[in-house]
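Hi everyone, thanks for coming. Have a look at the sequence and the structure on the screen, and then I'll walk you through a few spots.

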Amino acid sequence: MPHPASQPDAPAPREIELKLALAPGAAERLVRHPLLADSAPDVSALANTYFDTPAGTLAAARMALRLRRVDGITLQTLKTAGHGGGGLSTRNEWEWEVVDSALDLAGLAELAPIQALEGDVLSQLVAQLRTDFTRRRYEVRCRQSVVEVALDEGEIIAGEARAPIRELELELKAGSPDALWELADALAGTAALRPSDSSKAARGEALGRGDWPLPEAHTAAECFHLVLLALDAFHDSGRATFLHTARSALAELADHEQLAGETSGPAQRLPGELGQDGEPTVAFGRAALALARHFARSAPLR
């Protein structure tokens, strides 16, 4: 795994990923799906520590910096802001092995996103939160594409606060992003899931602050994004007001003037398919994926 300085003229590496939140019990149904059941997963225990300045400089710039301990080695990763929505995102990501489980500040200093920050950020970096989880990883071929399927279960730890991790991440390794949608829809027929627009790092930052700010929403895509963020906030905080916000945004989305034809049906099904506990049904997941794919086509990944 090369140090970032070893390829100074190379384009920033990109990650294209579809993130899905799972209802309780969905993981064990997923592993019995025919697309996964015949393969032995690569199982790893991942211990992750995220760093930022006390003022939250990296979070404000929509970056995430972590050290990940896995299989006896430590990897340092910097991710920048993702583009997209409805669970699908593309982002720049740099990752390399470090020694002594300590941040490689010299390597970070050579990366353009860090250089663009004002002030002496590197000397102020401190550990802010942890995410510890078990990952079951599969490789699936779909539409002449290769997709890494990662099933993550564990918890986010920010000070005394904790929140569960139940996620399915589909990362495109080769081929077309359409493969992510088709694979997600196939898996959604087996287990209750939904798109998620919140990274583990962003969830941990909100959990540590005890504050989950939500954006205003006017367009149909913004209403859908608000639904996903509000549901993440509800499950991490336990505050009923966020579930109320999600239901209100779903009702607005169902009648939104920007949706018509094939997109209006999924939007109208969503309010009745969200459980009283804020968890999706299988029907909710499939309708939400149909809408997410529609919005992704309207605002393609950059």
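Helices (H or I, at least four residues) and strands (E, at least two) are DSSP runs, numbered from the N terminus. One caution: this is a predicted model, where local features need pLDDT of at least 70 and side-chain atom pairs count only at pLDDT 80 or more, while totals for chains, interfaces and linings use all residues. Residues are numbered from 1 along each chain as its sequence is written, and side-chain values use heavy atoms, with hydrogens and water left out.

Okay, helix packing. Two packed helices are described by the angle between their axes and the distance between the axes. Find helix H8, residues 220-237, and helix H9, residues 240-254: their axes come within 8 Å and cross at roughly 160 degrees. So H8 and H9 are roughly antiparallel, given that angles under 35 degrees count as roughly parallel, over 145 as roughly antiparallel, 65 to 115 as roughly perpendicular and the rest as oblique. Their crossing is left-handed, meaning the near helix is turned anticlockwise from the far one by less than a right angle (clockwise would be right-handed).

Who touches whom? Contact means heavy atoms within 4.5 Å. On the H8 side you'll find, among others, Phe224, Leu231 and Phe234, and they face a set in H9 including Phe242, Leu243 and Leu250. By class, this contact of H8 with H9 has 16 nonpolar, 2 polar and 1 charged residues. For those classes, Ala, Val, Leu, Ile, Met, Phe, Trp, Tyr, Cys and Pro count as nonpolar, Asp, Glu, Lys and Arg as charged, and the others, Gly among them, as polar.

H8 also packs on H11, at an angle of about 135 degrees with the axes 10 Å apart. That angle is why H8 and H11 count as oblique. Ala220, Ala221, Phe224 and Leu231 in H8 meet Phe284, Ala288, Leu291, Ala292 and Phe295 in H11. What classes do the residues of this contact of H8 with H11 divide into? There are 9 nonpolar, no polar and no charged.

Now turn to H11, residues 282-298, and helix H6, residues 178-188: they pack at about 170 degrees, with axes 9 Å apart. That makes H6 roughly antiparallel to H11. Among the residues meeting here are Asp178, Glu182 and Asp185 in H6, and Arg286 and Arg293 in H11. The contact of H6 with H11 has 7 nonpolar, no polar and 5 charged residues.

On to the strands. Thr74 sits in strand S4, residues 73-79. Is Thr74 buried or exposed? Its relative accessibility is 4%, so Thr74 counts as buried. Buried means under 20% relative accessible area, exposed over 50%, partly exposed in between (1.4 Å probe, protein chains only). Its side chain makes a polar contact of 3.0 Å with the side chain of Arg69; that term means a pair of N or O atoms within 3.5 Å, where within protein one must be able to donate a hydrogen and the other to accept it, and residues adjacent in sequence count only if both atoms are side-chain atoms.

Asp71, in the loop between strand S3 (64-70) and S4, is exposed, with a relative accessible area of 62%. Last stop: Val146 in strand S8, residues 145-158, is buried at 12%.

Note on methods
Axes fitted to C-alpha atoms, helices over the stretch in contact; angles between N-to-C directions.
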